[in-house]
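Dear colleague,

I am handing over the structure below, and after it I set out what was found in it. Please keep the sequence and the 3D view open while you read.

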Amino acid sequence: MEAIGFDLYMEMLQEALREIQGQEIPQVEDTQIDLKLTAFIPNDYISDLEQKMDVYRSIATANSQKTLGQIAADLVDRYGAIPAPVAQLFKVIELKHLAKSLGFSRIKPDGKQHIILETPMEEPAWKLLQEHLPQHIQPRFVYSPKQVTVRGLGLVKPSQQLDSLLEWLAKCKDGLPRGN
């Protein structure tokens, strides 16, 4: 402080505080996934309605990747190989957990070209997440208040949208300090 003077020190301190504010990842109650996906348990896989509802409940209440993996293993043991719509259901739940942990409340298409990630997140928090995306992908993500737009992602098949979002959001999550 003595070397730069009190006024410059206070100015630098205020600037640092402004940068820090708004960097926390917001807590969201739930995340809604509105992508046009085929994610369900077909009747030819589990025909008994009560058993099917039990599986849906188990999947819906799973709170970790490990739990989802165990449910999938149990399904394979009991009913055989998991069909594509059920595998897609597991991915949707995985995306839901991941997006919720990153502060996104809804993922939806915006017309035909883009995917919107709704969030109460402030821009400094988004910048912390965005820096962990691959360099060539970063420009596709555009922040505006209350949402992040993923440009061009709506042009690919919904299953590819799901896989891409899982990959990209996992990179964001991996870059966060372990407390988040």
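Both Phe 104 and Trp 126 are buried, a word used here for a relative accessible area under 20%, with exposed meaning over 50% and partly exposed the range in between (1.4 Å probe, protein chains only). Before going further, please note that this is a predicted model, in which local features need pLDDT of at least 70 and side-chain atom pairs count only at pLDDT 80 or more, while totals for chains, interfaces and linings use all residues. Residues are numbered from 1 along each chain as its sequence is written, and side-chain values use heavy atoms, with hydrogens and water left out.

The aromatic residues

The structure holds four aromatic pairs, a pair being two rings of Phe, Tyr or Trp (for Trp, the six-membered ring) whose centres lie within 6.5 Å, with planes under 30 degrees apart counted as stacked, over 60 as edge-to-face and the rest as tilted. The rings of Phe 104 and Trp 126 are an edge-to-face pair, because their planes stand at 70 degrees, with 6.4 Å between the ring centres. This pair links distant parts of the chain, since Phe 104 is in the loop between α4 (84–101) and β2 (106–110) and Trp 126 is in helix α5 (residues 123–130), 22 residues apart. Helices (H or I, at least four residues) and strands (E, at least two) are DSSP runs, numbered from the N terminus.

Phe 141 and Trp 168 also form an edge-to-face pair, with 5.6 Å from centre to centre and 75 degrees between the planes. Here too distant parts of the chain are linked, with Phe 141 in strand β4 (residues 141–144) and Trp 168 in helix α6 (residues 158–174), 27 residues apart. Phe 141 counts as buried because its relative accessibility is 4%, and Trp 168, at a relative accessible area of 6%, is buried as well. Phe 104, Trp 126, Phe 141 and Trp 168 form one aromatic cluster.

The chain as a whole

The protein chain has six helices and five strands, and from the N terminus on these elements run α-β-α-α-α-β-β-α-β-β-α. Its radius of gyration is 20 Å, whereas a compact globule of 180 residues would have one near 16 Å; the radius is taken over C-alpha atoms, and the globule rule is 2.2 Å times the number of residues to the power 0.38. Along the principal axes, the C-alpha atoms fill a box of roughly 75 × 35 × 25 Å. Of the 180 residues, 34% are buried. Among the contacts with a separation of 6 or more, 67% are between residues 24 or more positions apart, where contact means heavy atoms within 4.5 Å.

Some single residues

Which residues does Tyr 45 touch, leaving out those up to four places away in sequence? They are Leu 75, Val 76, Tyr 79, Gly 80, Ala 81, Ile 82, Pro 83 and Val 86. Tyr 45 is found in the loop between β1 (32–33) and α2 (49–61), and it counts as buried because its relative accessibility is 10%. Tyr 45 and Arg 140 are 95 residues apart in sequence, and their C-alpha atoms are 38 Å apart in space.

His 114 is in strand β3 (residues 114–118), and although 36 residues separate His 114 from Val 150 in sequence, the two lie 5.6 Å apart in space, C-alpha to C-alpha. Apart from residues up to four places away in sequence, His 114 touches Lys 108, Pro 109, Thr 149, Val 150, Arg 151, Gly 152 and Gly 154.

Leu 155, in the loop between β5 and α6, is exposed, with a relative accessible area of 60%. Leaving aside neighbours within four places in sequence, Leu 155 is in contact with Lys 112 and Gln 113; the C-alpha atoms of Leu 155 and Gln 113 are 5.2 Å apart, while the two residues are 42 apart in sequence.

Gln 138, in the loop between α5 and β4, counts as buried at 16% relative accessibility, and it touches Gln 130, Glu 131 and Leu 133, not counting residues up to four places away in sequence.

Finally, Lys 146 lies in the loop between β4 and β5 (147–150) and is exposed, with a relative accessible area of 60%. Its phi is near 80 degrees, a positive value in a residue other than glycine. Most residues other than glycine have a negative phi.
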